Amino acid sequence: MALSAPVLAEFKTNIESLGLPADEDVLQKFSQLFDLLIAKNEVMNLTAITDEKEVAIKHFYDSLTLVKDRKVMELLQSGCRVCDLGTGAGFPGIPIKIMFPKAEITFVDSVQKKLTYIDEILTALGIHEGCTICHSRAEDLGHDPDSRETFALVTSRAVANLSTLSEYCLPLVKVGGYFTAMKGDKVQTESEITSAQKALSLLGGKLVFQQSFDLPEEMGERTIVTVRKIKSTPKKFPRKAGLPSKEPLK
Ligand code: SAH
């Protein structure tokens, strides 16, 4: 299998346009990731997207678009502690780790079998150093003293609306750190931002970056939203498991 030469060439051009250097080693790792993802997807449900071009754009490239926020790019280059909350099949965490080997990434999900898969991938690609696998719900992890307010950056893609997501993610961010939400189209994201105003201020966050853009090949509009943590999160957040999604703060 492996990603075909034309798809790899296009992927290289796309990520270079984000300002990310793509040497042979990086491209080879993404190609290997594609093989392992497709093989494992035969035996467990990891992704509905399996076409090589779509995987390269909608999973791999998309996972790296958070660097459009240059503060986030600098943090990742510096090798800070990053949490990928609700990582699923490892997006955006695995592509980030491939591009930024110094980043210390904690992969969090409430479903153990996805984490077992991620562990295998990290080992197979030889990028497990500095990575932690964490089977937990965000609502519990946010109260764990080893995790609460310890991450310089928390990322999350396709997990929940911005209000709910802020309650999952901001308790984990250290004061002065950032939370980056990888969202869909501009209109929907702006409506989520409006609904999340109260949550952001209660949780100690301030919106500092918002940018919408189109994926290559007309594969859809996406929006990157970055929130800076300006104040410590009150102890009562996150609320108990289930509440942030059932009754988003508003
Ligand atoms: N980020 C991945 C997966 C998105 S699917 C991607 O973009 O492809 C959402 C994932 O979030 C699922 O794997 C689900 O198990 C996880 N999840 C949902 N709510 C969660 C919570 N409260 N705590 C931890 N993980 C959660």
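A salt bridge here is a side-chain nitrogen of Lys or Arg within 4 Å of a carboxyl oxygen of Asp or Glu. By that rule, the structure holds 13 salt bridges. What you're looking at is a predicted model, where local features need pLDDT of at least 70, side-chain atom pairs count only at pLDDT 80 or more, and totals for chains, interfaces and linings use all residues. Residues are numbered from 1 along each chain as its sequence is written, and side-chain values use heavy atoms, with hydrogens and water left out.

Lysine 53 pairs up with glutamate 10, and their closest N and O atoms are 3.7 Å apart. This pair ties together distant parts of the chain: lysine 53 belongs to helix α3 (residues 52-64) and glutamate 10 to helix α1 (residues 5-16), 43 residues apart. Helices (H or I, at least four residues) and strands (E, at least two) are DSSP runs, numbered from the N terminus.

Now for the ligand. There are 16 residues around it, and the closest are Gly86, Phe91, Asp109, Ala138 and Arg157; a residue counts if one of its heavy atoms lies within 4 Å. By class, that shell has six nonpolar, five polar and five charged residues. For this count, Ala, Val, Leu, Ile, Met, Phe, Trp, Tyr, Cys and Pro are nonpolar, Asp, Glu, Lys and Arg are charged, and the others, Gly among them, are polar.

| Residue | Protein atom | Ligand atom | Distance |
|---|---|---|---|
| Serine 110 | polar backbone atom | nitrogen | 3.4 Å |
| Lysine 114 | polar side-chain atom | oxygen | 3.0 Å |
| Alanine 138 | polar backbone atom | nitrogen | 2.9 Å |

Taken alone, the ligand exposes 580 Å², and the protein buries 80% of that (Shrake-Rupley method, 1.4 Å probe).

A cis peptide bond runs from phenylalanine 91 to proline 92, with omega near 10 degrees, and proline 92 sits in the loop between β1 (81-85) and α5 (93-99). Phenylalanine 237 and proline 238 are also joined by a cis peptide bond, with omega about -5 degrees. Proline 238 is in the loop between β7 (221-229) and α11 (243-246).

Key
A polar contact is a pair of N or O atoms within 3.5 Å; within protein, one must be able to donate a hydrogen and the other to accept it, and residues adjacent in sequence count only if both atoms are side-chain atoms.
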